[in-house]
Amino acid sequence: TSFLGGISGAPLSHTSILYAGLMTSLAGSLSMGAGALLATQSQNDLIRREIARERWEITHVPELEKQEVYNLFISFGLPPEESHHITQRIIADPEVWHRFMVREELGIHEESMESPAKSAATLSLSFMAGALPPLLPYFFFQKAYEAFTVALVLSLLTLAVTGSIKSRLAGESPFKGAGEMILLGGAAAAAGLFLGEILPRFFHLS
């Protein structure tokens, strides 16, 4: 919406604006997908590296790791005797010990690793779905400002619905999420339109 606001205020033909919007949506979708793919791969690599490092420490510096287990239980508020007893029970099994350190010390859960391909597809398709509401009016209205006005209304409605769903899932008031999304999205669209009007004049474009 911000992008369309910018080019709708610029001296471009309706066809150019529509094509630019479509190409930007496609490029943004691919870019978001690639970014999600790389980010998820990097996160998974980091998790695997931390899990392997914890296993190495248990094997090579067991006394230090044993003390860390004990200190964790002390930090949980357990008395020293009980902490010592539970520590001994945990370190008796290397696999249990390793899993405990990974989860409690590092806060890592192996099952939390996501599929890079799934993350990429989800974000890419979500971006395209979000790009549709502001683009649709440009297929039906020939005047840029008319199309952008309808696009802005559709976008704000979409933002409101999305924000209310987000807040409901988070257990908050749906009006809070809707208001936040409308304010941020509306501000971005206004900024785009402002720049689309100002920059052509600044650079003497006609």
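Biologist: Which residues does Leu135 touch, not counting residues up to four places away in sequence?

Modeller: This is a predicted model. Contact here means heavy atoms within 4.5 Å. Leaving out residues up to four places away in sequence, Leu135 touches Leu4, Gly21, Leu22 and Ser25.

Biologist: Which residues of H6 are buried?

Modeller: Buried means under 20% relative accessible area. Helix H6 runs over 116–135. What covers its buried residues includes H1, H2 and H7. The buried residues of H6 are Pro116, Ser119, Ala120, Ser124, Ala131, Pro133, Pro134 and Leu135.

Biologist: Which element gives the most to the largest nonpolar core?

Modeller: The largest nonpolar core has eleven residues, among them Leu4, Ile17, Leu135 and Phe148. The elements that give two or more residues to this core are H1, H2 and H7. With four residues, the one that gives the most to this core is H7.

Biologist: How many residues are in the other core, the one with Trp97?

Modeller: This other core lies apart from the largest one. Val69, Phe73, Trp97 and Met101 are among its residues. Its count is nine residues.

Biologist: Which helix gives the most to the lining of the largest pocket?

Modeller: The largest pocket has a volume of about 570 Å³. Its lining has 20 residues, and Thr1, Phe127, Gly130, Ala131 and Pro134 lie nearest its centre. H1, H2, H6, H7 and H8 each supply at least two lining residues. With seven residues, the helix that gives the most is H6.

Biologist: How many residues of that lining are charged?

Modeller: Sort the lining by residue type. Nine residues are nonpolar and eleven are polar. The number of charged residues is therefore none, since Asp, Glu, Lys and Arg count as charged.

Biologist: Is Leu156 buried, exposed or partly exposed?

Modeller: Leu156 lies in helix H7. Leu156 has a relative accessible area of 25%. Buried needs under 20%, and exposed needs over 50%. So Leu156 is partly exposed.

Biologist: Which residues does Leu156 touch, not counting residues up to four places away in sequence?

Modeller: Leu64 is 92 residues from Leu156 in sequence and 56 Å from it in space, C-alpha to C-alpha. Contact needs heavy atoms within 4.5 Å. Beyond four places in sequence, Leu156 touches Ile182 and Gly186.

Conventions: Residues numbered from 1 in each chain as written. Predicted model: local features only at pLDDT ≥ 70, side-chain atom pairs only at ≥ 80, totals over all residues. Heavy atoms only, no water. 1 Å grid on protein atoms, 1.4 Å probe; cavity = no way out; pocket = protein on both sides within 12 Å on 5 of 7 lines; lining within 4 Å. Points joined across faces, edges and corners; volume = space filled by probe spheres on them. Buried < 20%, exposed > 50% of the residue type's maximum accessible area, 1.4 Å probe, protein only. Core = buried A, V, L, I, M, F, W, Y, C linked by side-chain atoms within 4.5 Å.
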